[in-house]
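Let's take a friendly walk through this protein together. Keep the sequence and the 3D view side by side as you read.

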Amino acid sequence: HNSSDVDSKHITVRGLQPYTEYTARVRCGAAKHFWRWSDWSQPLTVRTKEGTPSGKLDIWREITPVLGGRSVTLFWKQTPSFQANGRIILYEVTWEKIEDGSKPESISFSSVYNSTRIFIENHSYRISIMAKNSVNFSLPSVLIISRATDNSKKILFRSFLGTKELKEGQVNGTDDGIFISWEPRSMCESYIIDWCNFPRLQPCDLQWKRFGPNTSSAVISSADFIPGVRYKFHIYGSVANRAFLLEKKIGYLRELPPRLDPIVRKVDLTYNSVTLSWDYYLTNESEPGFVRGYHIYVSPIQGNCNLKGSIKHVLSDDSELCKYTIENPEETRYTVKYLVPNTKYKIVVKAFTGGGESPIVDFRYIDTPSNSNMLYFVFLLVIVPTLVAAVCHWKMEWVKECCCPVIPSPNKSKVLSFEEFKIDSEKVLKINDCIPDMLAVDSNAEAQKW
């Protein structure tokens, strides 16, 4: 600021900020030679006086149903648009019923606090929080909590949302934080996302962030986010200082491999296959990632694996495994086919997440049985003929009599053994010695000769 009043020993500088330190210096110029200036004086530091806080606090709440009402934990923080214009000495919280216009209740807290807990009944309540310095209070920040049993507002709000049950959607981490998107609603005046930087602590340190009505995605970042920890996010829409839950999200800054392998409960073996059954992998909050599926690793003890339908997987020691991938995390059964009978295999089931899987350490060992069909075939082709041959050799005479009986010779018949019944050298059967059943006379020439 320049002043041409050479007799004045003071100057008023306007437009400064309240409760702000400024440094001032003075120098003078020659009357005749205006371009000549003296050296600057020593700097003087001054602070302007306090003023009324400008702007509003950013406030949020966490509601827990309890016997006879609700426990409400209130949080507040100063936003970049909030100007304390002094030293905040206290915060004042006021709550009152909306329906019956009863007398408000209020409580004050030292400036070192940024949260408190109050008890309210099941009525609708109007809650306001103000910051105070030595001059005055800031404008109140207001939020309204609807009746616990009055769903008129919720029904109106859900008409824009639908009646679907809210499910936790999965979100992914990025280099900058955790990316979250939601479906925008035209009636919302703003959106709020809340989460806990330390979800495993109770109570957790609730954090929240507000977004404008034209926003439908955000990257939530925090220096406290660490890989392998599951974070929960609630997305609210705000209408006339009332907040309604829109969506739920869960995600990791970065997923890590599962800590444990699935527990295989049953193994069913055939000569050329093995069926494994394991327990459903429970993905609770302590898991370092979302289970996306399972890997089955199989290999014979001797030699490499080249089973049909598998892909080759090489371990750090250059040993090879056959790898099967199941991309359904709810699957609990799988059959490995095309095994070799009467062979010893090693096998393991691994769960994998977006962060991969844990190293393979322990295997389960199985022995495929011999092929019963092959044994039966060998039995039919070798054993049965051998047994038949042995029996035939043992009962040779009996078999010979059954299959090739001896044809009696007439010359050896006792009937023809008498000497007196001979004509020349041929024996002659005496008719009297035989009692025929039937007689037939042959009239041909040969018979007449006899």
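Which residues does Gly29 touch, not counting residues up to four places away in sequence? Gly29 touches Arg36 and Trp37, where a contact means heavy atoms within 4.5 Å.

## Before we start

This is a predicted model, in which local features need pLDDT of at least 70 and side-chain atom pairs count only at pLDDT 80 or more, while totals for chains, interfaces and linings use all residues. Residues are numbered from 1 along each chain as its sequence is written, and side-chain values use heavy atoms, with hydrogens and water left out.

## Around Gly29

You will find Gly29 in the loop between S1 and strand S2 (44–47). Strands (E, at least two residues) are DSSP runs, numbered from the N terminus. Gly29 counts as partly exposed because its relative accessibility is 39%; buried means under 20% relative accessible area, exposed over 50%, and partly exposed in between (1.4 Å probe, protein chains only).

Now look for Ser4: Gly29 and Ser4 are 25 residues apart in sequence, and 9.7 Å apart in space from C-alpha to C-alpha.

## A covered strand

Next, turn to strand S18 (residues 274–278). Is this strand mostly covered or mostly open? S18 is mostly covered, with five of its five residues buried. In a regular strand, side chains alternate between the two faces of the sheet. Here Val274, Leu276 and Trp278 lie on one side of S18, Thr275 and Ser277 on the other, and all are buried.

S18 also has partners; two strands pair if DSSP finds at least two bridges between them. Strand S17 (residues 264–269) pairs with S18 in the antiparallel sense over five bridges, and the two form a hairpin with four residues between them. Strand S22 (residues 333–336) pairs with S18, again in the antiparallel sense, over four bridges. Thr275 is a handy landmark: Asp268 stands opposite Thr275, and in S22 the bridge partner of Thr275 is Thr335.

## The loop with Thr343

Thr343 sits in the loop between S22 and strand S23 (344–353). Its side chain reaches the backbone oxygen of Val340 at 3.2 Å. A polar atom of the Thr343 side chain also lies 3.0 Å from the backbone oxygen of Pro341.

What else does Thr343 contact, leaving aside its neighbours within four places in sequence? Thr343 is in contact with Pro300, Ile366, Asp367 and Thr368.

Notes
Polar contact = N/O pair within 3.5 Å; in protein donor to acceptor, adjacent residues only side chain to side chain.
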